[in-house]
Amino acid sequence: MEVVSIILAAGKGKRMNSDLPKPMHKIAGKSLMNWLEDSLDELKVSKKLYVLGHQSEKLIKSIGTTDYVIQEPQLGTGHAVNLTKDKIKNHESIIIIAYADTPFVPSDKIKKMISQIKNGYDISILGFVASNPKGYGRVVKKGNEVIKIVEEVDIDEETKKINLCNSGILAGRACDIYNYLNKVKKSSNGEYFLTDIISLCVKDGSKVGLVSSPEEDLIGINDREDLSKAELIIQNRLRIQHMKNGVTMLDPRSVYIDASSKIQKDVTIEPNVFIGANVEIQSKTIIKSFSYLEDCFIGRNCSIGPFARVRPETEILENVKIGNFVEIKKSKINDNSKVNHLTYIGDTTIGTSSNIGAGTITCNYDGEQKHKTNIGNHVFIGSNVALVAPINIKDNSIVGAGSTLTKDVEENLIAVERSKQKQFKRRKKN
């Protein structure tokens, strides 16, 4: 049976106080919309429809699809879903209605909702037990079936005691959902609410099923505070996942990990480390405190940091040591080489078993263009050296401390560039 998802993303998101559409805000480096889409992709839905409104141009570019409708004016969730009916040709399709600002909906719970529809329920809703139910619509049950959802504005003292709440996520056959939506009446504030179809369904003698999920799976993002709460939830999940996979974290709460990054077993991560997007760290490597990594590859048995910054398009191969206060950008460091401290390496290739001394800088930018530095195998660069690119330091060569080089150094040579040292007799103070 065909399964179609409808993602509601038309809201203005005023409380975010942002120029960016709310669904494009990120958690662990991934947008709210992408978190939800990934869950839906696990269901192998045949079509994802989007209801857009505020800043739709940005969202259309982000989602990259023509399967959308524009809700204008915005007259509530029921109105939003009703706009999609001409997009769904098979009225026996099961529809999953989800919200772009409720990003962590578990795919296994949606599967249970689909199963309920296949097994005789007209509508299935996703609920949760709230630690503080204030503000949520309460789910009223009779036995295993839902009989109504009472919104906060209509709640009485008895219903206030209920802490089973409605997430808004809903499933049903297209024919049933659109049939009930046609009967929904406009509310006092001029909107059509999707939740009104529950009472209509019950009145018809049809069954409404409930699937429950933990509260943190159904957190809605309304403002920056919610965004930060969601970040904490996902960071905790990512840390636990990596630790289960064999990663050691000395202080997990102080480690940030982007959802796209890959970390192999037997990696050790010290406190206060940032692992950004598209980072891959291979086994037996240690990432020391206060290091910042993004869009880079780090091979086996390396030591990075403390206080190291590894920037995008950097490859660090096996048994490499990157020490404190070292910055590396768009460079390749081959096996067994060392860049120990107080150094900038940019647009550079370093061969195997080479040593880069403290305070070395590759001068890769001439004010207009970036230039490459190539350092060969078994090269020793002394402290406080400036290598002015483009330049090649070839195999088995040595560069003396304090040198500023503008010309290539051939194999097996020692290069030293220094002004002549002068000494003057000190004047005695009166």
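**Exercise 1.** Work out what volume the second largest pocket has and which residues line it.

*Solution.* The second largest pocket has a volume of about 310 Å³, where a pocket is an open set of points on a 1 Å grid over the protein atoms alone, with protein on both sides within 12 Å along at least five of seven lines, and a volume is the space filled by probe spheres set on the points. The pocket is lined by 14 residues, and those closest to its centre are Trp 35, Ser 39, Glu 42, Phe 104 and Arg 237; a lining residue has an atom within 4 Å of a point. Next, sort the lining by class: 6 residues are nonpolar, 3 are polar and 5 are charged. Finally, turn to the helices (DSSP runs of H or I, at least four residues, numbered from the N terminus): helix 1 (32-41) and helix 8 (224-244) each supply at least two lining residues, and helix 8 gives the most, with 4 residues.

The model is a predicted one, in which local features need pLDDT of at least 70, side-chain atom pairs count only at pLDDT 80 or more, and totals for chains, interfaces and linings use all residues. Residues are numbered from 1 along each chain as its sequence is written, and side-chain values use heavy atoms, with hydrogens and water left out.

**Exercise 2.** Determine where the buried residues of helix 4 lie around its axis, and what they pack against.

*Solution.* Begin with the buried residues of helix 4, which are Ser 107, Lys 109, Ile 110, Met 113, Ile 114, Gln 116 and Ile 117; buried means under 20% relative accessible area, with a 1.4 Å probe and protein chains only. Seen down the axis of helix 4, these buried residues fall within an arc of 170 degrees, so they line one face of the helix; the arc is that of the directions from the helix axis to the C-beta atoms. The partners against which they pack include helix 1, strand 1 (3-9) and strand 10 (164-173), a strand being a DSSP run of E with at least two residues. After helix 4 comes Gly 120, whose phi is positive, near 110 degrees.

**Exercise 3.** Describe the largest cavity by its space and its lining.

*Solution.* A cavity is a set of points where a 1.4 Å probe fits but cannot get out, and the count comes to 1 cavity of 30 Å³ or more. About 40 Å³ of space lies in the largest cavity, whose lining includes Tyr 99, Asn 166 and Ile 198. Strand 10 provides the largest share of this lining, 4 residues, and by class the lining has 7 nonpolar, 3 polar and no charged residues.

Technical notes
Ala, Val, Leu, Ile, Met, Phe, Trp, Tyr, Cys and Pro count as nonpolar, Asp, Glu, Lys and Arg as charged, and the others, Gly among them, as polar. Buried means under 20% relative accessible area, exposed over 50%, partly exposed in between (1.4 Å probe, protein chains only). Contact means heavy atoms within 4.5 Å.
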